[in-house]
Amino acid sequence: FLAPAALRDAAGRAPDNPDYNPRTLRIPPGWFKAAKVTEAQRQWWELKAKNFDSVLFFKMGKFYELFEMDAHTGADVLGLQYMRGDQPHCGFPEASYAPHAAALARAGRRVVVVEQTETPAGLAARNELRKKQGLPKAAVVSRGVVAVLTAGTLVDPDMVDASPDATIVLALCQAPSDDPSQLILGAAAIDAAAGRVAVGGWADGPGAPRLRALLAELRPVELVLPPAGDEGCLG
């Protein structure tokens with residue numbers, strides 16, 4: 001299902017479909033059982049399927065683990081060493097979280113941080129309840145997404161201090177205009193680390209010279225645009 005010809009998003013759409021959502025992945029029904037996937041690996045795949053375009057930092061004990069295609073990214077971008085085994089796998093201790101997360105985000109990757117949301121004692125209590133309900137015993141603690149990091153949304157001091165230059169996220173939209181030669185644009189510039197937001201709008205001419213000047217001045221690390229075809233999308 002990861003082969004280019006078989007790839008589908010959660011709604012079953014192929015990459016050549018205009019509505020294809022690259023953030024999601026369809027895992028065929030019955031694959032977990034057929035592949036004898038462990039409960040922890042099932043957690044990883046289910047979270048990966050909802051964040052297919054991202055790199056998961058998957059917490060296991062005192063380490064963050066990267067699996068499958070994420071392991072290749074960790075090796076290529078962060079210089080992590082592969083661990084032994086047939087499955088692509090690498091990781092790092094939790095003390096190295098901030099520099100690795102910041103480096104990956106600044107390299108243009110979307111980082112999804114998955115933490116253990118249950119202690120071993122909590123797991124034991126949950127299994128007692130499951131036993132009373134006639135349910136099978138859970139083998140691993142619960143995990144969930146606790147953060148999503150991108151180049152323009154880093155606010156952790158340990159990440160920001162390593163690169164103090166402003167990192168701007170710029171959101172743009174276009175309003176309808178009765179004059180086809182005129183563009184009515186709106187923008188919101190956000191410096192997440194400094195907690196600053198600037199909002200404005202203007203009329204621009206052919207070729208959008210004022211927008212070009214704004215982009216040259218702010219040098220945003222991320223752009224947020226309405227999807228093509230939606231109201232407010234830039235023509």
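## Surface patch

I190, V197 and V199 make up a nonpolar patch on the surface, and their accessible area together is about 290 Å². Patches consist of residues with over 30% relative accessible area and no salt bridge, where nonpolar side chains (Val, Leu, Ile, Met, Phe, Trp, Tyr) are joined within 5 Å and like charges within 9 Å. A salt bridge here is a side-chain nitrogen of Lys or Arg within 4 Å of a carboxyl oxygen of Asp or Glu. Accessible areas come from the Shrake-Rupley method with a 1.4 Å probe, and for residues only the protein chains shown count as cover.

V197 belongs to strand 8 (residues 196–204). Its relative accessible area is 60%, so V197 is exposed (exposed is over 50%, buried under 20%, partly exposed in between; 1.4 Å probe, protein chains only). Strands (E, at least two residues) and helices (H or I, at least four) are DSSP runs numbered from the N terminus.

## Basis of the model

This is a predicted model, in which local features need pLDDT of at least 70 and side-chain atom pairs count only at pLDDT 80 or more, while totals for chains, interfaces and linings use all residues. Residues are numbered from 1 along each chain as its sequence is written, and side-chain values use heavy atoms, with hydrogens and water left out.

## Aromatic pairs

The structure has twelve aromatic pairs. Rings of Phe, Tyr and Trp (its six-membered ring) pair if their centres lie within 6.5 Å; planes under 30 degrees apart are stacked, over 60 edge-to-face, and the rest tilted. One of the pairs is W31 with W45, edge-to-face at 5.4 Å centre to centre and 75° between the planes. This pair links distant parts of the chain, with W31 in helix 1 (residues 31–34) and W45 in helix 2 (residues 39–50), 14 residues apart. W31 is partly exposed at 23% relative accessible area, whereas W45 is buried at 4%.

F58 and F67 have ring centres 6.2 Å apart and planes at 75°, so this pair is edge-to-face. Both residues, F58 and F67, are buried. A single aromatic cluster is formed by F1, W31, F32, W44, W45, F58 and F67.

Five strands form an open sheet in the order 3-2-1-4-5, with mixed pairing. Strand 3 (89–93) and strand 5 (143–149) are at the edges; each has a single partner strand, so one side of each lacks a neighbour in the sheet. From one strand to the next, the twist averages 30°.

Strand 4 (residues 111–116) pairs with strand 5 in the antiparallel sense over six bridges (two strands pair if DSSP finds at least two bridges between them). E115 stands opposite G144 in strand 5.

Notes. Axes are lines fitted to C-alpha atoms, for helices over the stretch in contact, and angles run from 0 to 180 degrees between N-to-C directions.
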